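Visitor: I am new to this structure and would like to know what stands behind the terms used for it. Could you take me through them with care?

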Amino acid sequence: MKDVLLIALCALAGAACAGLAGAVVLRLVRHRSVAVSLTVVATVTVTAMLAGTLSVARAMFLSAHDLWVVTVVVAMAALVSLAVALLLGRWVVARSHALTKAARDFGDGGRFSAPGGTATAELAALTIELASTSAKLDKSRRRERALEASRRELVAWISHDLRTPLAGLRAMAEALEDGVATDPARYHRQIRTEVERLTTMVTDLFELSRIHAGALTLAPSRLSVYDLVGDALGGADPLAREHGVRLSGEAVQAVPVEVDGKEMTRVLANLLVNAIRHTPPDGEVAVAAERREDTVVLSVTDGCGGIRDEDLPRVFDTGWRGTEARTPPAGAGLGLAIVKGIVEAHAGSAEVRNVPGGCRFEVTLPAAAG
């Protein structure tokens with residue numbers, strides 16, 4: 001037992017010395033390629049085995065011939081190990097270089113194409129992550145391009161919508177100033193109307209900028225959908241009467257929701273105003289609300305005649321105003337974009353689809369707990 005312990009200690013001492021030396025070398029080459037590191041690891045392993053074997057051999061007082069045989073066997077194992085390590089390192093490095101080139105390509109704006117051939121589990125996992133990241137970046141780029149195009153359209157439309165009332169205000173102000181206005185009271189009323197229109201437009205732009213900047217602060221409270229719809233219908237009733245449109249809200253359930261009352265009232269008001277303006281006289285705008293599992297679905301159905309299928313995906317885009325038939329003279333295409341932004345800030349979703357005779361806007365919100 002004592003001899004076995006002595007042999008183990010000798011082998012451990014020799015291997016430990018080789019291991020410490022290898023650790024120092026690995027630290028020095030830590031910034032080099034994987035092939036170099038694998039070669040060092042293989043060399044250290046074989047050297048530790050050789051050092052341990054020779055230490056035991058000397059401690060056992062082997063003959064010169066036996067010691068030479070042991071040394072040759074260990075040396076041959078070392079050569080084979082080093083060769084295998086070099087081949088494995090070159091294969092890993094080649095795969096890493098292929099991944100680097102592929103990553104550089106999609107980083108420059110292209111798509112990630114996984115290099116062919118087999119790979120280690122780590123490199124295969126890295127390939128999957130790079131492919132997933134490439135898909136996310138591609139989606140983000142498409143969304144950014146769509147948003148940029150939407151912003152350009154919005155700027156063009158807003159510039160046009162601002163230029164027209166401002167030109168009218170300037171003309172009316174000059175007429176009043178020169179004393180050539182035949183009916184000053186009518187001019188004053190028109191000026192007030194135009195100012196209110198501009199104020200609404202600026203308010204919508206400010207609200208939309210808050211939504212896009214992520215600065216929309218919500219103050220949620222427990223409210224009944226029935227009360228929200230009732231308030232929205234009451235606010236939209238004068239506009240509905242002016243356009244000769246009937247409002248209907250009989251299919252509304254008293255379901256509780258946790259929402260910001262002010263912002264959600266704005267959502268319903270925007271949907272109702274949009275529906276009233278696009279519904280012909282003697283038409284009907286119906287509001288409904290019901291609970292579906294863990295969500296509450298509010299819907300506004302109008303009689304606009306429907307939206308073209310190719311336009312449906314763009315309805316909630318900033319600045320979208322659709323066809324001429326669906327474009328109100330005072331609209332800037334912001335109302336539905338604000339609806340979507342506010343609803344998504346409440347962890348909900350907004351959708352639209354065509355129904356017989358018109359279209360239906362649906363807002364889905366999480367139902368209040370309890």
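Visitor: What is the accessible surface of the chain, and what share of it belongs to carbon and sulfur atoms?

Guide: This is a predicted model, in which local features need pLDDT of at least 70 and side-chain atom pairs count only at pLDDT 80 or more, while totals for chains, interfaces and linings use all residues. Residues are numbered from 1 along each chain as its sequence is written, and side-chain values use heavy atoms, with hydrogens and water left out. The accessible surface of the chain comes to about 21900 Å² by the Shrake-Rupley method with a 1.4 Å probe, and 61% of it belongs to carbon and sulfur atoms.

Visitor: What makes strand 2 and strand 4 a pair?

Guide: Two strands pair if DSSP finds at least two bridges between them; strand 2 and strand 4 (residues 284–292) have 5 bridges, in the parallel sense, and therefore meet that definition. Within these strands, L247 stands opposite V285 in strand 4.

Visitor: Why is one side of strand 2 and of strand 6 left without a neighbour in the sheet?

Guide: The open sheet has 5 strands in the order 2-4-5-7-6, with mixed pairing. Strand 2 (246–252) and strand 6 (349–355) stand at its edges, and because each has a single partner strand, one side of each stays without a neighbour there.

Visitor: How many of the residues count as buried, as a percentage?

Guide: Buried means under 20% relative accessible area (1.4 Å probe, protein chains only), and buried residues make up 34% of the 370 residues in the chain.

Technical notes: Helix = DSSP H or I, 4+ residues; strand = E, 2+ residues; numbered from the N terminus. Buried < 20%, exposed > 50% of the residue type's maximum accessible area, 1.4 Å probe, protein only.
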